[in-house]
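Reader: I would like to go through this structure with you, one topic at a time. Could we begin once it is on display?

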Amino acid sequence: MASEGGTNAAATAASATSEGKNRSRKGKPWDEDDPGSSNLLKAEKFEPASNEGALLETTSFSTTFAKDREESLLEAWPVVKGALKEHGVSCKLSVSEGSMTVSTTRKTRDPYIVVKARDLTRLLSRSVPVHQAIKILNDDMTCDIIKIGDLVRNRKRFSERRDRLLGPNMSTLKALENLTGCYILVQGNTVAAMGSLDGRGLKQLRKIAEDCMNNIKGPLDHIQELKKEREPAKTPALANESWGRILPKYEKENIKLKKPYTPFPSPQQPSKTDLELENGKYSLSDKKKSTKKLQEKPDKQSKKVDGNKRKREAASIPPKESIAGSSESAMATSGDSKVADMVAMPSKKKAKKE
């Protein structure tokens, strides 16, 4: 009873401290997971008449890109330059420095368009196609770049988990695009995504990518949940309510395979010295060992070459033709009679003895 009282007191104290910290902070629409909260974010189209004067200060952003992106960026740069010129933003591509720079001019009226231009350069540096990246300049579009390279240390494990996001023939990626309503591109150590301004799809996608890389939950489980979310979204009564009571809850299971118990210890593996004693290399000097290794190398290579050659030749050898007609039936009957005689021999010997 005392332990229960202590835990309750600690929980109330923790909640009180958290309430104290967030007392002055007002709630934001993106803090809630309810579908109705996304309606509070509305994209109001900017009109140049609302800001007739020029901006007082120039703002610029610079983004670096990899060397293999030079050719594609040089081809696409006229399109990017024309799209930014409509909004009064200047852009510069420096191949020698490997950077893209965007800055405001005296013709710029929208103060937030330079941030959109910065997002455009970030998407282009991550291999997003130009026709898709230019859509970020619209007022109802936003983007998110998820860094997944630091989540897994082992590179082999990282590539395996990244392949889960893609799926066979990009099937998992296409399903996530349809369910979240976002454009997704997995490139290197990042996942670039573009979606609507409400950010609901981008928020879901970030959670899916992080859970997949941390091995918490696979993308297929998230796809099943997103499919079930679509059903209550169709009904108008549940459109603006929380769906937590409807959706299934998954718990992580740690399955440990138990090995069969044996009272005897496992046999000791031979050490390096034991193997050298068996081969007779233990008494040899380092120079003799290296010469012997060089002598054995061409023999191993020739054996491997012969084996690969046999495999290639085996594929071109035609199959043996089966003997059809009476000869086949005759062989079958003769074989059956021989087997019958062999089976009957021991039984005849036993009868004679009796």
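Author: We can start with Thr121, which is in helix α3 (residues 113-125); helices here are DSSP runs of H or I with at least four residues, strands are runs of E with at least two, and both are numbered from the N terminus. This is a predicted model, in which local features need pLDDT of at least 70, side-chain atom pairs count only at pLDDT 80 or more, and totals for chains, interfaces and linings use all residues. Residues are numbered from 1 along each chain as its sequence is written, and side-chain values use heavy atoms, with hydrogens and water left out.

Reader: Is Thr121 buried or exposed?

Author: Thr121 is buried, because its relative accessible area is 2%. Buried means under 20% relative accessible area, exposed means over 50%, and partly exposed lies in between, with a 1.4 Å probe and protein chains only.

Reader: And which residues does Thr121 touch?

Author: Leaving aside residues up to four places away in sequence, Thr121 touches Thr63, Met100 and Val102. A contact means heavy atoms within 4.5 Å.

Reader: Turning to Arg164, where is it found?

Author: Arg164 belongs to helix α5 (residues 155-166). Its relative accessibility is 37%, so Arg164 counts as partly exposed.

Reader: What does Arg164 touch?

Author: Its contacts, not counting residues up to four places away in sequence, are Thr172, Cys212, Asn215 and Pro219. Arg164 and Pro219 are 55 residues apart along the chain, and their C-alpha atoms are separated by 7.2 Å.

Reader: A new topic: how many cavities of 30 Å³ or more does the search find?

Author: The search of the whole structure finds one. On a 1 Å grid over the protein atoms alone, a cavity is a set of points where a 1.4 Å probe fits but cannot get out, and lining residues have an atom within 4 Å of a point. Grid points are joined across faces, edges and corners, and a volume is the space filled by probe spheres set on the points.

Reader: What is the volume of the largest cavity, and which residues line it?

Author: The volume is about 40 Å³. The lining consists of Leu165, Leu173, Leu176, Ile184, Val186, Val191, Leu205 and Ala209. Two or more of the lining residues come from each of α6 (171-180), β5 (183-187) and α7 (200-213).

Reader: Finally, how many helices and strands does the protein have?

Author: The protein has eleven helices and six strands. Of its 354 residues, 26% are buried.

Notes:
On a 1 Å grid over the protein atoms alone, a cavity is a set of points where a 1.4 Å probe fits but cannot get out, and a pocket is an open set with protein on both sides within 12 Å along at least five of seven lines; lining residues have an atom within 4 Å of a point.
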